[in-house]
Amino acid sequence: MEKEPMLKVEHLVKSFGTHEVLKDLDFSVNKGEVICVIGSSGSGKSTMLRCINGLETKTGGRIFFEGKEILSGSKELAKFRTKVGMVFQSFNLFNNMTVLQNCMAGTTKVLKMNKEDAKFLAIKYLRKVGMAPYINAMPAQLSGGQKQRVAIARALTMEPQMLLFDEPTSALDPEMVGEVLGVMKNLAKDGLTMMIVTHEMAFARDVSTRTIFMDQGVIVENDISEVIFKNPRTARMKEFLKRYMEA
């Protein structure tokens, strides 16, 4: 018997007014997979992640997590968000809290964990991303790469089953991109299930198990990364890769 995918998306549609941003998307994510979502700006990649996480209300379609349908505004959605974390391109740290407080906020407020356990978990994951020496720093004192590593640690403290990354390196200076991608590579090695919207093609090619290529709200290709990068099937994907190679 085939194993149930961790996440399953069926006929996902999202419109803003008369503009249809996502057009009938179907895909699934299995436990332990690292899926990179690539495509030109405006192809619907970030909107798709935001619909999965319930930050955008989908216009149509169904989203299942571990076989259960996730409905917006339901108790299931709140529970789902504790299991499926999200890392944003703009870090979304609380500027009035220290690094440690940022990483304890979710576990104490949402999971109702006691402060001692929350602190232990926060330090464990800050250590994992190389940010333990900065526990008393405020976000304003950190570089972009450091902020993003704290944001990843904060998401990990919830001990999620899956992490969604929305262009986690696009707000960073080029020299800081590597430190964040390094952390993500380690998480992939640990077997964490991840879905990553990214413009980092080398990362998508080398680290992800599967790559989804989107164009104008449609999934054009969805295959093993090696196949997509070496033998793209569609003219659109070939053109996209050619532009990337030139860049």
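**Stop one: two glutamates**

Select glutamate 159: at 43% relative accessibility, this residue counts as partly exposed, a label for anything between buried (under 20% relative accessible area) and exposed (over 50%), using a 1.4 Å probe and protein chains only. Glutamate 159 sits in the loop between H5 and E7; these labels are DSSP runs numbered from the N terminus, with helices (H or I) of at least four residues and strands (E) of at least two. The phi of glutamate 159 is near 50°, a positive value in a residue other than glycine. Most residues other than glycine have a negative phi.

Before moving on, a word on the model: it is predicted, so local features need pLDDT of at least 70 and side-chain atom pairs count only at pLDDT 80 or more, while totals for chains, interfaces and linings use all residues. Residues are numbered from 1 along each chain as its sequence is written, and side-chain values use heavy atoms, leaving out hydrogens and water.

Now jump to glutamate 66, in the loop between E4 and E5. Phi is positive here too, near 50°, and glutamate 66 is partly exposed, with a relative accessible area of 42%.

**Stop two: the sheet**

Two strands pair if DSSP finds at least two bridges between them. Zoom in on strand E1 (residues 7-16) and strand E4 (residues 60-65), which are joined in the antiparallel sense over 5 bridges.

**Stop three: helix H6**

Select residues 174-189. This is helix H6, with 16 residues, and from first C-alpha to last it reaches 24 Å, close to the 22 Å expected at 1.5 Å a residue (the expected span is 1.5 Å times one less than the number of residues).

Which residues of H6 are buried? Colour Met176, Val177, Val180, Leu181, Val183, Met184, Leu187 and Ala188. Seen down the axis of H6, the buried residues fall within an arc of 155°, so they line one face of the helix; the arc is that of the directions from the helix axis to the C-beta atoms. On the other side, Glu175 and Lys189 are exposed. Among the elements covering the buried residues of H6 are helix H4 (115-128), helix H5 (144-157) and strand E8 (193-197). Just after H6, glycine 191 has a positive phi of about 90°.

**Stop four: the cores**

A nonpolar core here is a set of buried Ala, Val, Leu, Ile, Met, Phe, Trp, Tyr and Cys residues joined through side-chain atoms within 4.5 Å. The largest has 50 residues, and Ile152, Phe165 and Met194 have the most contacts inside it. H6 gives the most to this core, with 8 residues. Click isoleucine 152: setting aside neighbours within four places in sequence, its contacts (heavy atoms within 4.5 Å) include Val87, Phe165, Val180 and Leu187. A second, separate core of 29 residues includes Leu22, Val29, Ile63 and Ile219.

**Last stop: the cysteines**

Counting pairs of cysteine sulfur atoms within 2.5 Å as disulfides, the total is 0. Cysteine 36 is buried, at 0% relative accessible area, and cysteine 51 is buried at 4%.
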